[in-house]
Amino acid sequence: MAVRPDKKQRLSVYLELDLKRRLSDFADRRGQSGSLVAEAAIASFLSPDADERKEAAVTRRLDRIDRSLHRVERDLEITSETLALFIRFWLNSTVPLPDTAQVAARAKGGERYEQFIAALGRRLSHGTKLQQEVSEEVASQEH
């Protein structure tokens, strides 16, 4: 019996149960037969440009990661400059206390520091971020 070239050939394969389930689920979501999805997957796998497509996908992901990393670096630089500017301003505008007031000032500073750490913890866990506040303030000043 001769096989016509335009007729598809039957292929029996054994798949792990989980892989078979995933194939069926994918086919159902796409409204296609499992056979058609498997054929397309095999064709894609055997395609000479499959490696190029994989490389292009990896390149796109790396580009996205690179852009994110640049944003993080920019934000860190802004944060560092903000902190440095605040420290310089604070050092230039704060008058040193006389020795007699140092003990009371340290005690009060310790209390304020504990309050600061508690507020920072609350803000980091669920509060508004500084970047969002600055954006909102700039937007409100523009109107």
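**Charges, rings and patches on a predicted model**

Trainee: Which residue forms a salt bridge with D18, the closest N and O atoms being 3.9 Å apart?
Mentor: This is a predicted model, in which local features need pLDDT of at least 70 and side-chain atom pairs count only at pLDDT 80 or more, while totals for chains, interfaces and linings use all residues. Residues are numbered from 1 along each chain as its sequence is written, and side-chain values use heavy atoms, with hydrogens and water left out. A salt bridge is a side-chain nitrogen of Lys or Arg within 4 Å of a carboxyl oxygen of Asp or Glu. With its closest N and O atoms 3.9 Å apart, the partner of D18 is R22.

Trainee: In which helix do D18 and R22 both lie?
Mentor: A helix here is a DSSP run of H or I with at least four residues, a strand is a run of E with at least two, and both are numbered from the N terminus. D18 and R22 are four residues apart, about one turn of the helix, and the helix that holds both is α1.

Trainee: Does R22 count as buried, partly exposed or exposed?
Mentor: Buried means under 20% relative accessible area, exposed means over 50%, and partly exposed lies in between, with a 1.4 Å probe and protein chains only. D18, at 45% relative accessibility, is partly exposed. R22 has a relative accessible area of 52%, and therefore counts as exposed.

Trainee: How many residues apart are K8 and E39, the pair that links distant parts of the chain?
Mentor: The side chains of K8 and E39 meet in a salt bridge, at 2.9 Å from N to O. K8 belongs to the segment before α1 (17-30) and E39 to helix α2 (residues 34-46), and their separation is 31 residues.

Trainee: Which member of that pair is exposed, with a relative accessible area of 59%?
Mentor: E39 reaches 40% relative accessibility and is therefore partly exposed. With its relative accessible area of 59%, the exposed member is K8.

Trainee: How many salt bridges are counted by this rule?
Mentor: Another example is D75, which forms a salt bridge with R74, the closest N and O atoms being 2.8 Å apart. D75 is partly exposed at 28% relative accessibility, and R74 is partly exposed at 41%. By this rule, the number of salt bridges comes to five.

Trainee: What angle lies between the planes of Y113 and F116?
Mentor: A pair of aromatic rings is described by the distance of the centres and the angle of the planes. Rings of Phe, Tyr and Trp (its six-membered ring) pair if their centres lie within 6.5 Å, and planes under 30 degrees apart count as stacked, over 60 as edge-to-face and the rest as tilted. A search of the whole structure finds one aromatic pair. That pair, Y113 and F116, is tilted, with 6.4 Å centre to centre and an angle between the planes of 35 degrees.

Trainee: In which helix do Y113 and F116 both lie?
Mentor: Y113 is partly exposed, with a relative accessible area of 49%, and F116 is partly exposed at 48%. They are three residues apart, about one turn of the helix, and both lie in α4 (residues 102-126).

Trainee: Which element gives the largest share of the nonpolar patch?
Mentor: Patches are made of residues with over 30% relative accessible area and no salt bridge, with like charges joined within 9 Å and nonpolar side chains (Val, Leu, Ile, Met, Phe, Trp, Tyr) within 5 Å. L11, V13, L15, L19, I42, F45 and L46 make a nonpolar surface patch of about 740 Å². V13 lies in the segment before α1, and is exposed at 52% relative accessible area. The largest share, three residues, comes from α2.

Trainee: In which helix is the place of E77?
Mentor: Lys and Arg count as positive and Asp and Glu as negative, while His and the chain ends are not counted. D63, D66, E73, E77 and E81 gather in a surface patch of negative charge. E77 is exposed at 54% relative accessibility, and its place is in helix α3.

Note on methods: Accessible areas come from the Shrake-Rupley method with a 1.4 Å probe; for residues, only the protein chains shown count as cover. The place of a charge is taken as NZ of Lys, CZ of Arg, CG of Asp or CD of Glu.
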